[in-house]
Amino acid sequence: MNIQKINFTNAESQQLVGRLELPINQHPHNFAIFAHCFTCNKNLSAVKNITRELTSNGFGVLRFDFTGLGESEGDFENTNFSGNVEDLISASNYLKENYTAPTLLIGHSLGGAAAIFAAAEIESIKAVATIGAPSNPKHVQNLIQSSVDEIKTTGKANVNIGGRPFTIKKQFLDDIETKSLPDVAKNLRKAILVMHSPQDATVGIENAEEIYVSARHPKSFVSLDGADHLLMRKEDSIYVGSVIATWAKRYISIPNTETISTSHQAVASLDAEDGFTTQMTVGSHTMMADEPTSYGGNDFGPSPYELVSAGLSACTAMTVQMYTKRKGWDLENIEVHTSHSKVPTPILENDETKEIQIDTFSREIKLKGNLDDKQILRVLQIANKCPVHKTLHSDIEVVTKLV
């Protein structure tokens, strides 16, 4: 995982804390923002699972704590729905200033309603996905119904939400009274995906219907049959992330990666601005090579020496397995672990001892099966006869010409 802790300032000059999760094998093709549910935070397991599905599909995702929640500054009792929308706009500004403006907004429960309102204010957003969202922010009153009269009479009340105490002020209720999500959805003119479970006991499925009917095309609905409101089952949140990633690609721009071809076994292509990140075609397979971040690379792929080590490991495993099958030996599995290093080695030259660096491949072989000692010894001998091993020990010539 490639996760960075980030901080940005909201409209009230308070520090909001988030996690920016990036793909491990490429630069993000687009950025998304995740808005968590009412009184939740960025670290809800469902939020993490959805985020990781998106990053595995090339998105960079910013998940953060709304004002007064989690690690973010501010008092929750002084916040309201409008403040959540403003926080999303601040998050968008952070990405725009430091990375690339986001194109996708995702919101869970009340965060879904906030995502729709924020999308109307953020020009770069092309698509919005809601998960178990209420059709009106006023729906949150259902969670605190027993305290609404007290809040309206005294100005505030302590309420228990999800087993945790929160103070809700009258200004929060006054704020949600003024927000009409259907009106915003009707005029949004951006792609919207509504995801909802028919079994959602917290926000009923009729809310999804109202959002969907209000929204303009292009709009989509996906039923999360069997899921609960918080997506507590891991398979439900993974499914949600996978669907959003696939759906969103229809409405955002993803740069085309040109496949390079060659009449040789392998070709590598590197643009000046890409550092060490190298596009490759190996046989009929596309892949990427890179250097570790400690060497100034992005670590988006194996390093050149790691590729050589991989070739030795693969060739050893194939050679041994082929030999033992021909012999009819009981070898269920072979693992070959290989690393390259340069080992300082003293040599004698002109009656003087000096030290040189010897390229060394350390190889460890793990066998699973029913082999006797004599067979194991023969396996090790065969490992040293694999073609790549023999090539590395032979005289090698590289013929280079400019084309």
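This is a predicted model: local features need pLDDT of at least 70, side-chain atom pairs count only at pLDDT 80 or more; totals for chains, interfaces and linings use all residues.
## Strand β3, wrapped up

Let's start with strand β3, which covers residues 30-35. Six of its six residues are buried, so β3 is largely enclosed by the rest of the structure. "Buried" here means under 20% relative accessible area.

Which residues point which way? N30, A32 and F34 point to one side of β3, while F31, I33 and A35 point to the other, and all of them are buried.

## Strand β4 and its partners

Now for β4, at residues 59-64. This strand is mostly covered too, with six of its six residues buried. On one side sit F59, V61 and R63, on the other G60, L62 and F64, and both faces are covered.

How do β3 and β4 pair? They run in the parallel sense, with five bridges between them. If you want to find this pairing in the structure, look for F31 of β3, which stands opposite G60 in β4. Another spot to check is F34, whose bridge partner in β4 is R63.

β4 also pairs with strand β2 (residues 15-22), but here the two run antiparallel and four bridges join them. One place to look is G18, which stands opposite F64 in β4.

Helix α8 takes up residues 234-248, so to speak a run of 15 residues. From its first C-alpha to its last it reaches 21 Å, close to the 21 Å expected at 1.5 Å a residue.

Quite a few of the residues in α8 are tucked away: D236, S237, V240, G241, V243, I244, A245, W247 and A248 are buried. What do they pack against? The buried residues of α8 pack against helix α1 (45-56) and against the strands β4 (59-64), β5 (104-108), β6 (127-131), β9 (191-196) and β10 (219-223).

## Empty space inside

Rolling a probe the size of a water molecule over the atoms shows where empty space is left. In this model, the count comes to two cavities of 30 Å³ or more.

The largest cavity holds about 90 Å³ of space. It is lined by 14 residues, and F38, F66, L69, F76 and N84 lie nearest its centre. Seven of the lining residues are nonpolar, seven are polar and none is charged.

The second largest cavity has a volume of about 40 Å³. Its lining is made up of I131, G132, M195, H196, S197, D200, L224, D228, H229 and L231. By class, that gives four nonpolar, four polar and two charged residues.

Conventions: Residues are numbered from 1 along each chain as its sequence is written. Side-chain values use heavy atoms; hydrogens and water are left out. On a 1 Å grid over the protein atoms alone, a cavity is a set of points where a 1.4 Å probe fits but cannot get out, and a pocket is an open set with protein on both sides within 12 Å along at least five of seven lines; lining residues have an atom within 4 Å of a point. Grid points are joined across faces, edges and corners, and a volume is the space filled by probe spheres set on the points. Ala, Val, Leu, Ile, Met, Phe, Trp, Tyr, Cys and Pro count as nonpolar, Asp, Glu, Lys and Arg as charged, and the others, Gly among them, as polar. The expected span of a helix is 1.5 Å times one less than its number of residues. Buried means under 20% relative accessible area, exposed over 50%, partly exposed in between (1.4 Å probe, protein chains only). Contact means heavy atoms within 4.5 Å. Two strands pair if DSSP finds at least two bridges between them.
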